[in-house]
Amino acid sequence: MSKARIFLVVVATAIFNLSYSQSIEGIIKSATKHIPTTATGSVSVEDGNIHIEGMGNKKNVHMSGGTLHIEGANNEVRVKGYASKIIIEGAGNVVYVDKVNYVSIFGAGVKVYYKTSNTKTGRPGTKIEGAGSAVIKQK
């Protein structure tokens, strides 16, 4: 293979990788950006567990243990107190929680902000499946 062909292959690969990484970020932003802002869905509470379904909800909840389960997109939930587990299924959700021991995320662009955890490390256990999703300690 000539040097010119090798150079072209290397340049084409670099351009593809750069545009691919930028396009994934753009896809996530546009997927969550165009979701309707009208809140829909429901909230149910059973045995100290809270289940929130829908889109565009802004909720404040109080917990002293139990599981917070969110299904849907673009929800913002603020938890005062302690959630032993948080499970999120969907894109663009944001959760603020005082204390949590385990967070499971299945979706893109999800953020969980926590203050503390009962674990030895002071960080909750995590399982994250989704581009741009994270569990972040608040100061």
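In which sense do strand 4 and strand 5 pair, and over how many bridges? They pair in the parallel sense, over five bridges. Two strands count as paired if DSSP finds at least two bridges between them.

**Before you click**

This is a predicted model, where local features need pLDDT of at least 70, side-chain atom pairs count only at pLDDT 80 or more, and totals for chains, interfaces and linings use all residues. Residues are numbered from 1 along each chain as its sequence is written, and side-chain values use heavy atoms, with hydrogens and water left out.

**Stop 1: the whole chain**

Show the cartoon. You have one helix and nine strands. Helices (H or I, at least four residues) and strands (E, at least two) are DSSP runs, numbered from the N terminus. Along the sequence the pattern reads α-β-β-β-β-β-β-β-β-β. Of the 139 residues, 28% are buried. Buried means under 20% relative accessible area, exposed over 50%, and partly exposed in between (1.4 Å probe, protein chains only).

**Stop 2: strand 5**

Select residues 76-89, which form strand 5. Strand 3 runs parallel to strand 5, joined by seven bridges. Find V61: its bridge partner in strand 5 is V79. Now find E71, which stands opposite E89 in strand 5. Strand 6 also pairs with strand 5 in the parallel sense, over eleven bridges. There, I86 stands opposite V103.

**Stop 3: the largest nonpolar core**

A nonpolar core is a set of buried Ala, Val, Leu, Ile, Met, Phe, Trp, Tyr and Cys residues joined through side-chain atoms within 4.5 Å. The largest one here has 19 residues. Select L68, V77, V79, I86, V95, V97 and V112, which touch the most other members. Strands 2, 3, 4, 5, 6 and 7 each give two or more residues to this core. Now pick V95. Leaving out residues up to four places away in sequence, V95 touches several residues, including L68, V77, I86 and V112. Contact means heavy atoms within 4.5 Å.

**Stop 4: A73**

Go to A73 in strand 4 (residues 67-73). Is A73 buried or exposed? A73 is buried, because its relative accessible area is 9%.

**Stop 5: N101**

Finish at N101, in strand 6. A polar contact of 2.8 Å joins its side chain to that of Y82. Such a contact is a pair of N or O atoms within 3.5 Å; within protein, one must be able to donate a hydrogen and the other to accept it, and residues adjacent in sequence count only if both atoms are side-chain atoms. The side chain of N101 also reaches the backbone nitrogen of N118 at 2.8 Å.
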